[in-house]
Amino acid sequence: MSDINNNTNNINNMKIHGLQKMTLLDFPGKVACTVFLGGCEFRCPYCHNTELLDPNAPELMNGEQLLAFLKKREGLLDGVAITGGEPLLRPELPELLKAIRDLGYMVKLDTNGDHPDELRKVVEAGLVDYVAMDIKNSPERYGETIGIPDIDISNIISNIKKSVEYLINENKVDYEFRTTTLKQFHDEESFKGIAQWIKGAKRYYIQNFVDRDTVPFGGLESYEPEILQKFLDIVTPYVGVAELRGV
């Protein structure tokens, strides 16, 4: 905990780019609020939160103002879901998580898995109760799925693997893996690769893509439920729980 407690970043520096004041969906089994942080190194063509890609976008509030909101919701909310963007890009995050935990809230963290060292840091500091990590695709199709197909992403693949192995093997925090599925990026081979990647995981969800105005590319298509079920059947033997979500 010493690194967290000695963090010199002021919570006032944490830009909060969005806040959903109450949700029953974002934190499994909890009444929560969802906090949106800006900044992401990926450029997924199907992203719902493109306005959060820029960490310098106009903020809704700062960290202190968020804590003031949470103090008023004590007894009404069980937890706080932190999403983005990619929250682990933010150096102020551990300090903010500690302040949220000090108020008595549970914390769920969404991550793309590209920051295994930062993930380990907040988990082993006891600042996170649940991690939801995206598995965008099989390793072979990761570049196109995250919107950067023309560069070497071997380091990203290595980081994803480290995060997956940490969550599965260390068993320090409750977690899930999830994949948002589109016709343009996923097929049976995708899920054969994903199954091998997350073998032994507690939970895995296939999420159906839903188009929105904020999605950067038009014409993207979701699969029919019966096809998603076939994909799920591929992964099911390799994980503890496998389900469709949003279908």
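Biologist: How many residues of the lining of the largest pocket are nonpolar, how many polar and how many charged?

Modeller: In this predicted model, the lining of the largest pocket divides into 14 nonpolar, 15 polar and 11 charged residues. The pocket holds about 1200 Å³ of space, and of the 40 residues that line it, His48, Asn49, Arg178, Thr180 and Gln207 are the closest to its centre.

Biologist: Which strands each supply at least two residues of that lining, and which element gives the most?

Modeller: Strands E2 (18-23), E3 (32-36), E6 (106-111), E8 (174-181) and E9 (203-208) each supply at least two residues, while E8 gives the most, with four residues.

Biologist: What makes the link between the side chains of Thr180 and Gln207 a polar contact?

Modeller: A polar contact requires N or O atoms within 3.5 Å, one able to donate a hydrogen and the other to accept it, and the side chains of Thr180 and Gln207 are joined by such a contact at 3.1 Å. Thr180 has its place in strand E8, and, leaving aside neighbours within four places in sequence, Thr180 is in contact with Tyr46, His186, Gln207 and Phe209.

Biologist: Why is Gly63 called buried?

Modeller: Buried means under 20% relative accessible area, and Gly63 has 0% relative accessibility, so Gly63 counts as buried. This residue lies in helix H2 (residues 63-72), and, not counting residues up to four places away in sequence, Gly63 touches Ile11, Met14, Ile16 and Leu96. Gly63 and Asn10 are 53 residues apart in sequence, with 8.7 Å between their C-alpha atoms.

Biologist: How do you know that the buried residues of helix H8 are on the same side of H8?

Modeller: The buried residues of H8 (residues 225-235) are Leu228, Phe231, Leu232, Ile234 and Val235. They cover an arc of only 150° around the axis, and therefore they are on the same side of H8. An α-helix has 3.6 residues a turn, so residues three or four places apart point the same way. What covers the buried residues of H8 includes E8, helix H7 (188-197), E9 and strand E10 (241-245).

Biologist: What puts the buried residues of H7 on the same side of that helix, and what do they pack against?

Modeller: The buried residues of H7 are Ser190, Phe191, Ile194, Ala195 and Trp197. Their arc around the axis is only 160°, which puts them on the same side of H7. They pack against helix H5 (142-145), H6, E8, E9 and H8.

Biologist: Which atoms come within 3.1 Å at the start of H7?

Modeller: There, a side-chain oxygen of Asp187 reaches to within 3.1 Å of the backbone nitrogen of Glu189.

Biologist: Which residues does a cis peptide bond join, and what is omega there?

Modeller: The cis peptide bond joins Gly84 and Gly85, with omega at about 10°, and Gly85 is found in the loop between strand E5 (79-83) and helix H3 (93-102).

How values were computed: Residues numbered from 1 in each chain as written. Predicted model: local features only at pLDDT ≥ 70, side-chain atom pairs only at ≥ 80, totals over all residues. Heavy atoms only, no water. 1 Å grid on protein atoms, 1.4 Å probe; cavity = no way out; pocket = protein on both sides within 12 Å on 5 of 7 lines; lining within 4 Å. Points joined across faces, edges and corners; volume = space filled by probe spheres on them. Nonpolar A, V, L, I, M, F, W, Y, C, P; charged D, E, K, R; others polar. Contact = heavy atoms within 4.5 Å. Buried < 20%, exposed > 50% of the residue type's maximum accessible area, 1.4 Å probe, protein only. Arc of directions from axis to C-beta.
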